[in-house]
Amino acid sequence: MTTVTADPAPSGAGLLPKLRRSWDKHWSAWAMVVPVVLVMAVLIFYPLINGVWISFTDQTEANQLAEICTKSITGGEVCKENPNAWSFVGFDNYVNILTGKIGEFWLWAGNTLVWTIAGVTFHYGLGLGLAVMLHRQIRFRGLYRVLLVLPWAVPAFISAFAWKFLFNERLGLVNSLLNAVGIDSVAWFSERWSALLVAILTNIWLGVPFMMVALLGGLQSIPEELYESAEIDGASAWQRFRAITLPGLRPVSMTVILLGTIWTFNMFPIIFLVTEGQPAGQTEILVTGAFRAAFEGIRNYSLASTYGVLILSILLIFSVFYRRVLRKQGEVW
Amino acid sequence: MTQMATSAPVTPAAAVPVSPAPLNRPRRGRRSVGMSVLLHGTLIVASLIAIGPIAWVVLSSFKPGYAVQSTEITLVKDPTLANYEYVLFETSFPTWFLNSVIVAALTMLIGIFCSATTGYALSRFNFPGRRPLMMVFLVTQMFPVAILIVPIYTIMATLGLINTLPALVIAYLTIAVPFCAWMLKGYFDSIPTSLDEAASLDGCGPFRTFYRVILPLARPAIAVTGFYTFLTAWGEVAYASAFMQTDDKFTLAYGLQQFVPQFNAQWEYLTAAAVLVTIPAGIVFLFAQKHLVSGLTAGGTKG
């Protein structure tokens, strides 16, 4: 952030001239961000506020309209008040969801926790391991790198399909291999933990390349001289890793772990397509459970919004907490 | 950190021993045979895991239906192009494919443009609203599809965009642009401001400076942005299934779900379709992969 010139202290003047000066000085910057800000305001912030509002009502696809209009025989339209119009219900949706009256919030939250922790831990751990290996001078480095990044280029829904195919109970490669060594086929998707395991494996496979590439970039920004002098001082490989590599990667790590957590938490297609919540909704995570609860059958807008607000709140609390911990350890961020 | 934007791969000067090693432990870059075997072994296993599922799907796509459905493990069995023929000529696949290409290409072009200008403004100008905007970009990453999908649907309906491709382009931009602007801001930070100052002394305005001086230097980061936006649009399922209603407007991600009837999935056609879907993403990947590491380098570092 060294590139930003400091604002000169505004001399005491009226609001209008101040605005004027501000405009003269900053109009080009504003012009550059205005398209993005506008689109985001319309398509993210309005929907967000609207969503929060809807979560306090009982709107569904069926009762959303205030009036029901029917074409009469004479050609005119007759509008009558909707007898079952939606109404304000306060915290009912939240109470229903959190007490488990509708959906299985706590089961899904538990799955989400396992899913996110497993995903991010392995993404980061494997990504770091591979990045450190690829950072060394070795033969075929370019080839390894391309091969290892390849899963990133595969669209998530295709990866989901490929892994579902591999773990298919009847014709999947994994069960065929198990049979070949004399183990009976496993019905991967008919038991909660094995289904979740397959989904998590898929997600790990999918997410490692991003971490690896980001960390590889971070490694390249650590000055080589640090390692050389540490080596002259007789530091072992493990000591160099602890004392130079990890601290040097800290800024990158903090960012990618936060992003990775948010992305994994909200990762929709894998669970949605791989386990489809099987068996009996026991492997849903919050986002997919919410989607299915709200959009299967009559679309329940208020329920969808309530889940959305809950998910957003969890993530906001997490990131505030995360940043606070970082700041305590002296990270300016 | 002066990361210059040359497209040549970065070669850290690691393995140049200056003087004969006074220590008796192996120097960096000159490791023992066992270590080399271990290193290459691990990388080979990891690479195999990385490409294994893709390779298996590719191999299966050339097998006839009965071989795909059998439990026998064979790499190649009666190779045939029948699955591809079926997908290409008997289904709406070409239409969906075209829709996906249009949506992904538009998302990519507009996405690069928007995130580059925004990222540059965030990196170079201390305008009122800068810090809030950075925070907002991070927070937008947390919005679950479930909360946005209904209101966005309503907006699109009001604008008359339901069942049209622009609806998807706009929706995908809202997903991709915040992250890309963030990433590009990091990269622009690593380009020395002295270049901007020199350009402005030469009489370039802020827009000209950006377009003529900074943008060409940011090519790696632009490549990563292109790759990211393209993939976002190419693989998204939820919005596509909510906004698109008729077969002629489906994108691949949604259209392919039609091959997966609940109990009798047509696996052999799915494998062929999966390969066809992955090819364009692979091509974009090949263009971008050289830049991936250097492009993300600065991007990840600072918020």
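**Contacts, core and ring pairs**

Reader: Which residues does Ile112(B) touch, not counting residues up to four places away in sequence?

Author: This is a predicted model, where local features need pLDDT of at least 70, side-chain atom pairs count only at pLDDT 80 or more, and totals for chains, interfaces and linings use all residues; side-chain values use heavy atoms, leaving out hydrogens and water. Residues are numbered from 1 along each chain as its sequence is written, while chains are lettered from A and ligands numbered from 1 in the order in which they are written. Contact means heavy atoms within 4.5 Å. Leaving out residues up to four places away in sequence, the partners of Ile112(B) are Thr107(B), Ile222(B), Thr225(B) and Gly226(B).

Reader: Is Ile112(B) buried or exposed?

Author: Buried means under 20% relative accessible area, exposed over 50%, and partly exposed in between (1.4 Å probe, protein chains only). The relative accessibility of Ile112(B) is 19%, so the residue counts as buried.

Reader: How far apart in space are Ile112(B) and Gly226(B), C-alpha to C-alpha?

Author: Ile112(B) sits in helix α4 (residues 93-124) of chain B; helices (H or I, at least four residues) are DSSP runs, numbered from the N terminus. In sequence, Ile112(B) and Gly226(B) are 114 residues apart, but their C-alpha distance in space is 6.2 Å.

Reader: Which residues touch the most other members of the largest nonpolar core?

Author: A nonpolar core is a set of buried Ala, Val, Leu, Ile, Met, Phe, Trp, Tyr and Cys residues joined through side-chain atoms within 4.5 Å. The largest one has 190 residues, and those touching the most other members are Phe227(B), Tyr239(B) and Phe243(B).

Reader: What geometry does the ring pair of Phe210(A) and Trp263(A) have?

Author: Rings of Phe, Tyr and Trp (its six-membered ring) pair if their centres lie within 6.5 Å; planes under 30 degrees apart are stacked, over 60 edge-to-face, the rest tilted. Over all chains, the whole structure holds 29 aromatic pairs. For Phe210(A) and Trp263(A) the centres are 5.3 Å apart and the planes at 65 degrees, so the pair is edge-to-face.

Reader: How many residues apart in sequence are the parts that this pair ties together?

Author: Phe210(A) is buried at 11% relative accessible area, whereas Trp263(A) is partly exposed at 22%. Phe210(A) belongs to helix α7 (residues 192-220) of chain A and Trp263(A) to helix α9 (residues 237-265) of chain A, so the separation of the parts tied together is 53 residues.

Technical notes:
Helix = DSSP H or I, 4+ residues; strand = E, 2+ residues; numbered from the N terminus.
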